[in-house]
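Please prepare a briefing on the side-chain contacts and surface of the protein shown below.

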Amino acid sequence: MALSTLDWVLIISFFIISLLVGVLVYRKSSKNVDSFFLSGRNMPWWLLGVSMVATTFAADTPGLVAGIVRKDGVYGNWIWWSFLLTGMLTVFFYAKLWRRSNITTDLEFYEIRYSGKSAALLRGFRALYLGVFFNIVIMATVCLAAIKIGHVLFGFSEIQTLVIASLVTVFYSLLGGLRGVLITDFIQFIIAMVGSIWASYYIINLPQIGGLENLLSHDLVESKTPFFPDFSQPEIIIPLLIIPLSVQWWSVWYPGAEPGGGGYIAQRMLAAKDEKNAVLATLFFNIAHYALRPWPWIIIGLASLIIYPDLQSLQTAFPNLDASFVKDDLSYSAMLVFLPSGLLGIVITSLIAAFMSTISTHLNWGSSYVVNDFYARFVNKEASEKSKVRVGRLSTIIMMVLAGLLSLILEEARDAFNLLLQIGAGTGLLFILRWFWYKINPYSEIAAMIASFLVAVFFFINSKLEIPWFELASHWQLVIGVIITTISWVSVTLLTQPSDQKTLEKFEKLVFSDGKFKHINYKVGAFLLGTLGIYTCLFGTGFLIYGDYIEAIISFSITAISFLYLIKNWSKIV
């Protein structure tokens, strides 16, 4: 595809701005570990909330959503919409606790909640398991999307795309730390939203599509538009709705939707000015992530069915792309070839921004584990602040290289998504209960990690065999993983001793200074009504797009009532 001068000016300008941000905040970010990884703990809720949203808007996210819509329809998105329940649980029950803990990374939690050498061992192991292994898998899926976009829009090879996409991201991540990430995230989010909304509007008005009404009435599209699957078809409703809403949301650890909070979401809560800013940041994130952002991607996914009705048509359109990369998630970037000069530049910039936002966050988050929870804790306890920052920057480079290499093996965003779900299956309930059930100890967490990982590896190997030992749908694999892992860690919990009483009392005094269950009725009400309000906002937007105005008014009215409850009772909720 030939890009115009205007397109290139937009793309290059964004790269320059990102680099300038890193340079401008370099000195502040280099002072110490708190400055590099937590921006001095004085960030406002709106900047942190936007950063959370920008981070979860990865380069692979539009392709993932478009691919889901092509395969399963709009209702297929319940596989990730269900995580709203997890997010709202974090908002009203855990955000305040995380900020109050005053730790540098969420892995420090282990040594304030648990006691003994086992707590230290768990912290060190999780630092490498999450910060390196798991983090690299996540970044590899984002790099995979970049490879597909780079080929479709620029004709780049896999290596060319990875080198170009990674250099600027790594450079400003090395310079600016979390402060640089937050500022560039804010810019990236605005560009990304403008680009995706404008692109969806232009695409549905292409002559091949013929406008929104023609799109929604097309034979290939009409059956894909409902928000819920047909309740009379258990083969569809069980994997796409029942399991996500009844099992997945509370039982599965997934980046950005960790039960009880964690990862880069916890990192941003810990960087907040105070507890209220931590709560507001996570609330804004959940509203924007689930209610405001998905529809442009959904619309483009539906439109792609008309122009590229099957995988063969995608392969024909891009004959030079390796067949292993031609999956339904390619459809999003494939639709962008129809955009005009200027708009194409904005959308490409938005995808580059999405890639950079996610990768920079994961690099900073992962290196915070390597530095704070492994290097400074076990390798060099006397390390100076400057040496810690240097190790953080070195680990950033190494992780980026490994993620790029792994991305060359992956094929589709949906496959990686399912693998990550399976690895985290069964651990979620532990992360929810460990704040309150003091019987849980380090051995509980170690058992959960080992069990979930072994089950995931077993199913993964089976799926890659030429002749699998057995055939089992991915949703049943998830359920089996949850059952085995949950039984494993609960059994270990009951058979082992809790942490010592002194540690538990100190922990409770730190995070529950106002009592464990103060205003619990208001918090439960906020969780239920907040969840309902965001879902009805999501559906109300969809009804508005579909032209179902009565349903849209009803949905938005429920949203308004739900949020009036939150506003009226905010002081008791927070």
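Is Phe512 buried or exposed? With a relative accessibility of 6%, Phe512 counts as buried, where buried means under 20% relative accessible area, exposed means over 50% and partly exposed lies in between, with a 1.4 Å probe and protein chains only.

This is a predicted model, in which local features need pLDDT of at least 70 and side-chain atom pairs count only at pLDDT 80 or more, while totals for chains, interfaces and linings use all residues. Residues are numbered from 1 along each chain as its sequence is written, and side-chain values use heavy atoms, with hydrogens and water left out.

**Aromatic rings**

- A search of the whole structure finds 41 aromatic pairs, a pair being rings of Phe, Tyr and Trp (its six-membered ring) whose centres lie within 6.5 Å, with planes under 30 degrees apart counted as stacked, over 60 as edge-to-face and the rest as tilted.
- The pair of Tyr110 and Tyr114 is stacked, because the ring centres are 6.1 Å apart and the planes stand at 15°; Tyr110 is buried at 2% relative accessibility, and Tyr114 is buried with a relative accessible area of 1%.
- Phe507 and Phe512 form an edge-to-face pair, with 6.3 Å from centre to centre and 85° between the planes, and Phe507 counts as buried at 1% relative accessibility.
- Ring pairs also link a cluster made up of Trp78, Trp80, Trp81, Phe227, Phe228, Tyr290, Trp295, Tyr535, Phe539, Phe543 and Tyr546.
- The charged end of Arg377 sits over the ring of Phe378, 4.9 Å from its centre, under a rule that asks for NZ of Lys or CZ of Arg within 6 Å of the ring centre and within 35 degrees of the ring normal.

**Salt bridges**

- The count comes to six salt bridges, each defined as a side-chain nitrogen of Lys or Arg within 4 Å of a carboxyl oxygen of Asp or Glu.
- Glu275 and Arg100 meet in a salt bridge at 3.1 Å, N to O; Glu275 lies in helix α15 (residues 275-292) and Arg100 in helix α7 (residues 84-101), so the pair ties together parts that are 175 residues apart in sequence, helices being DSSP runs (H or I, at least four residues) numbered from the N terminus.
- Glu275 is partly exposed, with a relative accessible area of 25%, whereas Arg100 is buried, with 12%.
- Glu111 forms a salt bridge with Arg377, the closest N and O atoms being 2.7 Å apart, and Glu111, Arg123, Asp373 and Arg377 are linked in a network of salt bridges.
- Arg434 forms a salt bridge with Glu445, with 2.9 Å between the closest N and O atoms, and both Arg434 and Glu445 are buried.

**Cysteines**

- The count comes to zero disulfides, a disulfide being a pair of cysteine sulfur atoms within 2.5 Å.
- Cys143 counts as buried at 0% relative accessibility, and Cys537 is buried with a relative accessible area of 15%.

**Nonpolar surface patch**

- A nonpolar surface patch of about 1100 Å² has among its residues Ile159, Leu394 and Leu402; patches are made of residues with over 30% relative accessible area and no salt bridge, with like charges joined within 9 Å and nonpolar side chains (Val, Leu, Ile, Met, Phe, Trp, Tyr) within 5 Å, and the areas come from the Shrake-Rupley method with a 1.4 Å probe, only the protein chains shown counting as cover for residues.
- Helix α20 gives the most to the nonpolar patch, with six residues.
- Leu402 is placed in helix α20 and counts as partly exposed at 38% relative accessibility.
- Ala403, also found in helix α20, counts as buried at 0% relative accessibility.

Technical notes. Helix = DSSP H or I, 4+ residues; strand = E, 2+ residues; numbered from the N terminus.
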